[in-house]
Amino acid sequence: MATLVSLLIAMIFGGKLIRILQRKQVGESIRDLGLAGQMEKKGTPTMGGLIILLAILVPTLLFARLDNIYIILMLVSTVWLGIIGFLDDYIKVFRKNKEGLAGKFKVLGQVGLGLFVGLTLYFNDDVVVRQYLFADGTTSAVDAAVRYVDVKSMITTIPFRKNNELDYCNLFAFAGPVFQDWSCYLYIPFVILVITAVSNGANITDGIDGLAAGTSAIIGMTLAIFTYVSGNTIFADYLDIMFIPDSGELAIFCLAFVGACVGFLWYNTYPAQVFMGDTGSLSIGGIIAVLALIVRKELLIPILCGIFLVENLSVMLQVSYFKYTKKKYGEGRRIFKMSPLHHHYQKLGYHESKIVGRFWIVGIMLAILTLATLKLR
């Protein structure tokens, strides 16, 4: 139901918002990068991320339990990054400043959210993992037939390992009890890093019609499966994974997220009638990061969000190599014809629809591989 409502909101509200943005002349200013069909997009309405935000928030408020700590975290994260992205788009469009919100303020906002999420997951008493007690005193992640205890634990999942749980508090156990006590607090900087990296990755990926929204829908569907099985005793028992009480409620949020992305694609596929802008791209990246952290699957992000990762790395490699060669040879050289990676393929002559389609296929393959880690150990 959340998916259907989200889809309808995105499709009905989306058309009305586009017409409002067109009347207000809230159009994207395009820099001429020499890409095929690029200048034809000049004046296309931006700030379409408002469609995504509304289509996520309304079904969640209608169908999810609002006293659930995980739902609260997701609502705060969505609105938090939505505001940062909106300010960036507002400055670009209405203040006619192409740079938008200064980078340091964007990062400060992302770090602030990371700090909030990290502290909540670390200290909130409702964030627990359930362990089941056997008669001989041993424990298991899940066994519905025996007594259980909900424990405060900073464990996460290591993919492709049989004994696949890692406790952040034991990272430096070998160095003695003093370092072991402090190693728990490394979790919070790690949360900040994950949220900042994934939200920036989604932002960079949002460069051609439909790429970021379609990729995010695939990732969202995968996370919906993870949230459901992690919050369901029977499936968690069968799959031998951590049972996280109350996390199953996040499936509603995830499905609303998927519906919002797919509904937005109705207007964002080539040729796009609207761009999501930073209002959408920063939000969807942050949402994905926080969801992965909640279900203890953050170490799977390099696989699941492989498209975001490669896009990010292509920019970092291009800039680093250019600076290195300029210093060494007196002229900057490039690894790619243009970064991010999707622009490289545009420069090679591929139509953006083909690029997006193939990136989606790769995204689906990465999602399947991610889901395979539930049994592939």
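Author: Buried means under 20% relative accessible area, exposed over 50%, and partly exposed in between, with a 1.4 Å probe and protein chains only. By that definition, buried residues make up 51% of the 377 residues in the protein. This is a predicted model, in which local features need pLDDT of at least 70 and side-chain atom pairs count only at pLDDT 80 or more, while totals for chains, interfaces and linings use all residues. Residues are numbered from 1 along each chain as its sequence is written, and side-chain values use heavy atoms, with hydrogens and water left out.

Reader: Which residues does Thr205 touch, not counting residues up to four places away in sequence?

Author: With contact meaning heavy atoms within 4.5 Å, Thr205 touches Leu211, Ala212, Ile307, Phe308, Glu311 and His342, once residues up to four places away in sequence are set aside.

Reader: What makes Leu309 count as buried, partly exposed or exposed?

Author: The relative accessibility of Leu309 is 36%, so Leu309 counts as partly exposed. Leu309 is found in helix H12, residues 306-329.

Reader: How do you know which space counts as a pocket and which as a cavity?

Author: On a 1 Å grid over the protein atoms alone, a cavity is a set of points where a 1.4 Å probe fits but cannot get out, whereas a pocket is an open set with protein on both sides within 12 Å along at least five of seven lines; lining residues have an atom within 4 Å of a point. A volume is the space filled by probe spheres set on the points, which are joined across faces, edges and corners. The second largest pocket holds about 310 Å³ of space, and of the 16 residues that line this pocket, the closest to its centre are Ala197, Val198, Ile301, Pro302 and Leu309. H6 gives the most to that lining of the second largest pocket, with six residues.

Reader: How many cavities of 30 Å³ or more does the structure hold?

Author: The structure holds two cavities of 30 Å³ or more, and the largest cavity has a volume of about 50 Å³. Among the residues that line the largest cavity are Thr157, Phe160, Ile241 and Arg377.

Methods:
Helix = DSSP H or I, 4+ residues; strand = E, 2+ residues; numbered from the N terminus.
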